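This briefing goes through a protein structure topic by topic. Keep the sequence and the 3D view open while reading.

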Amino acid sequence: MIVKSLEDLIGTEDETYDENWSSRRFILKKDGVGFSMNDTIIKAGTENYFWYKNHIEAVYCIEGEGTLEKVETGDVYDIKAGTMYLLDEHDKHILRAKTQMRMVCVFNPPLVGRETHNEEGYYPLLTE
């Protein structure tokens with residue numbers, strides 16, 4: 001059994017961030033369960049281009065409001081607390097945060113914990 005609290009992660013190596021977001025990583029590859037899970041904050045007023053070419057990501061918004069644009073089609077979706085989206089086609093997307101957004105993010109394959117977005121917007125596939 002694994003039990004962690006958010007307070008256990010903040011300010012440790014299990015918290016990763018850049019100027020627009022912070023990600024607190026609850027479950028990682030080392031936990032051996034086949035997926036990873038993050039608690040992620042997207043800062044208000046930011047525009048974030050992401051592309052998870054190596055991962056499938058499911059996101060559940062638990063706080064805030066914004067929009068999600070699928071780059072290939074231009075389709076835009078409203079995202080607010082209670083909305084889930086699944087990037088099941090490795091979708092290139094732009095997340096625009098109207099207010100601070102808090103998301104629970106699940107990745108497969110699991111993250112190892114040190115990933116940050118590269119210049120193309122995706123996480124490299126790290127194994128250790």
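**Salt bridges, sheet and cysteines**

Asp39 and Arg24 form a salt bridge, with their closest N and O atoms 2.7 Å apart. This pair connects distant parts of the chain, since Asp39 is in strand E3 (residues 36–42) and Arg24 is in strand E2 (residues 21–27), 15 residues apart. The model is a predicted one. In this model there are 6 salt bridges and 0 disulfides.

- Asp39 counts as buried because its relative accessibility is 5%, and the cut-off for buried is under 20%.
- Arg102 has a relative accessible area of 23%, so Arg102 is partly exposed.

- Arg96 and Glu69 meet through their side chains in a salt bridge, at 2.8 Å from N to O.
- The two residues are 27 residues apart in distant parts of the chain, with Arg96 in strand E9 (residues 92–97) and Glu69 in strand E6 (residues 65–70).
- Is Glu69 buried or exposed? Glu69 counts as buried, because its relative accessibility is 18%.
- Arg96 is partly exposed, with a relative accessible area of 25%.

**The open sheet**

- What is the order of the strands in the open sheet of 6 strands? The order is E1-E2-E3-E10-E5-E8, and the pairing is antiparallel.
- Strand E1 (15–17) and strand E8 (84–87) stand at the edges of this sheet.
- Each of these two edge strands has a single partner strand, so one side of each has no neighbour in the sheet.
- From one strand to the next, the twist averages 25°.
- In general, the strands of a sheet pair through backbone hydrogen bonds, in a parallel or an antiparallel way.

**Strand E3 and its partners**

- E3 pairs with E2 in the antiparallel sense over 6 bridges.
- Within this part of the sheet, Ser22 stands opposite Ile41 in E3, and Arg25 stands opposite Asn38 in E3.
- E3 also pairs with E10 in the antiparallel sense, over 7 bridges.
- Thr40 has Met103 in E10 as its bridge partner.
- How many of the 7 residues of E3 are buried? The number is 6, and E3 is mostly covered.

**Cysteines**

- A disulfide needs the two sulfur atoms to be within 2.5 Å.
- Cys105 is likewise in no disulfide, the nearest cysteine sulfur being that of Cys61.
- Cys61 is buried, because its relative accessible area is 1%.
- Cys105 is buried as well, with a relative accessible area of 5%.

Terms used. Residues numbered from 1 in each chain as written. Predicted model: local features only at pLDDT ≥ 70, side-chain atom pairs only at ≥ 80, totals over all residues. Heavy atoms only, no water. Buried < 20%, exposed > 50% of the residue type's maximum accessible area, 1.4 Å probe, protein only. Salt bridge = Lys/Arg side-chain N within 4 Å of Asp/Glu carboxyl O. Helix = DSSP H or I, 4+ residues; strand = E, 2+ residues; numbered from the N terminus. Pairing = 2+ DSSP bridges. Axes fitted to C-alpha atoms, helices over the stretch in contact; angles between N-to-C directions.
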